[in-house]
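Dear colleague,

Please find below the structure that I am handing over to you. My notes on it come directly after.

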Amino acid sequence: MEMTAPSFPILLEVTVNLRSELQALIKQVEKSEGTTQQGAIRDILTDLFHECDDLGLDADAIIESAFKVVDEENELNGN
């Protein structure tokens with residue numbers, strides 16, 4: 001059976017759900033750590049960097065790639 005890539009609406013739904021979950025996580029970290037939104041995002045990123053180290057992944061390359069995706073999305077959205 002041939003596999004095909006998911007359609008754009010499915011990818012968009014996954015992205016929207018992920019962003020909603022991240023927003024909830026940020027609020028949860030703010031409350032539990034008694035920090036600001038910026039502090040919560042810093043803490044989440046710090047844990048992601050530790051996870052990259054544990055998995056042997058290049059966090060710098062991932063960040064660079066993420067910035068490229070943000071630029072592409074902003075361009076598509078006219079930002």
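The notes below cover the model and its confidence, the helices, the salt bridges and the surface.

This is a predicted model, in which local features need pLDDT of at least 70 and side-chain atom pairs count only at pLDDT 80 or more, while totals for chains, interfaces and linings use all residues. Residues are numbered from 1 along each chain as its sequence is written, and side-chain values use heavy atoms, with hydrogens and water left out.

Model and confidence

The average pLDDT (the predictor's confidence in each residue, from 0 to 100) is 87 for the protein, and 81% of the residues score at least 70. Confidence is highest in helix α2, with a mean of 98, and lowest in helix α1 (residues 8–33), with a mean of 83.

Helices

The protein has three helices and zero strands, assigned as DSSP runs numbered from the N terminus (helices are H or I, at least four residues; strands are E, at least two). The order from the N terminus is α-α-α.

Helix α2 covers residues 37–55, which is 19 residues, and its first and last C-alpha atoms are 27 Å apart, close to the 27 Å expected at 1.5 Å a residue. The expected span is 1.5 Å times one less than the number of residues in the helix. Just after α2 comes Gly56, with a positive phi of about 75°.

Helix α3 (residues 59–76) has 18 residues and should span 26 Å at 1.5 Å a residue; its end C-alpha atoms are 26 Å apart, in agreement with that value.

Buried residues

Of the 79 residues in the protein, 9% are buried; buried means under 20% relative accessible area, exposed over 50%, and partly exposed in between (1.4 Å probe, protein chains only). In α2, the buried residues are Gly39, Ala40, Ile44 and Cys52. Gly39 has a relative accessible area of 4%. Its C-alpha lies 8.7 Å from that of Val29, and Gly39 and Val29 are ten residues apart in sequence.

Salt bridges

Side chains of opposite charge can pair when their charged atoms come close. The structure holds two salt bridges, a salt bridge being a side-chain nitrogen of Lys or Arg within 4 Å of a carboxyl oxygen of Asp or Glu. Arg42 pairs with Asp43, the closest N and O atoms being 2.9 Å apart. Asp43 is partly exposed, at 22% relative accessible area.

Glu64 and Lys68 form a salt bridge through their side chains, at 3.7 Å from N to O. These two residues are separated by about one helical turn because they are four residues apart in helix α3. Glu64 is partly exposed, with a relative accessible area of 48%, and Lys68 also counts as partly exposed, at 48%.

Surface

The protein exposes about 7100 Å², of which carbon and sulfur atoms supply 57%; accessible areas come from the Shrake-Rupley method with a 1.4 Å probe, and for residues only the protein chains shown count as cover. A nonpolar surface patch is formed by Ile41, Leu45, Leu48 and Phe49, with about 320 Å² of accessible area together. Patches are made of residues with over 30% relative accessible area and no salt bridge, like charges being joined within 9 Å and nonpolar side chains (Val, Leu, Ile, Met, Phe, Trp, Tyr) within 5 Å. Ile41 lies in helix α2 and is partly exposed, at 35% relative accessibility.

Kind regards
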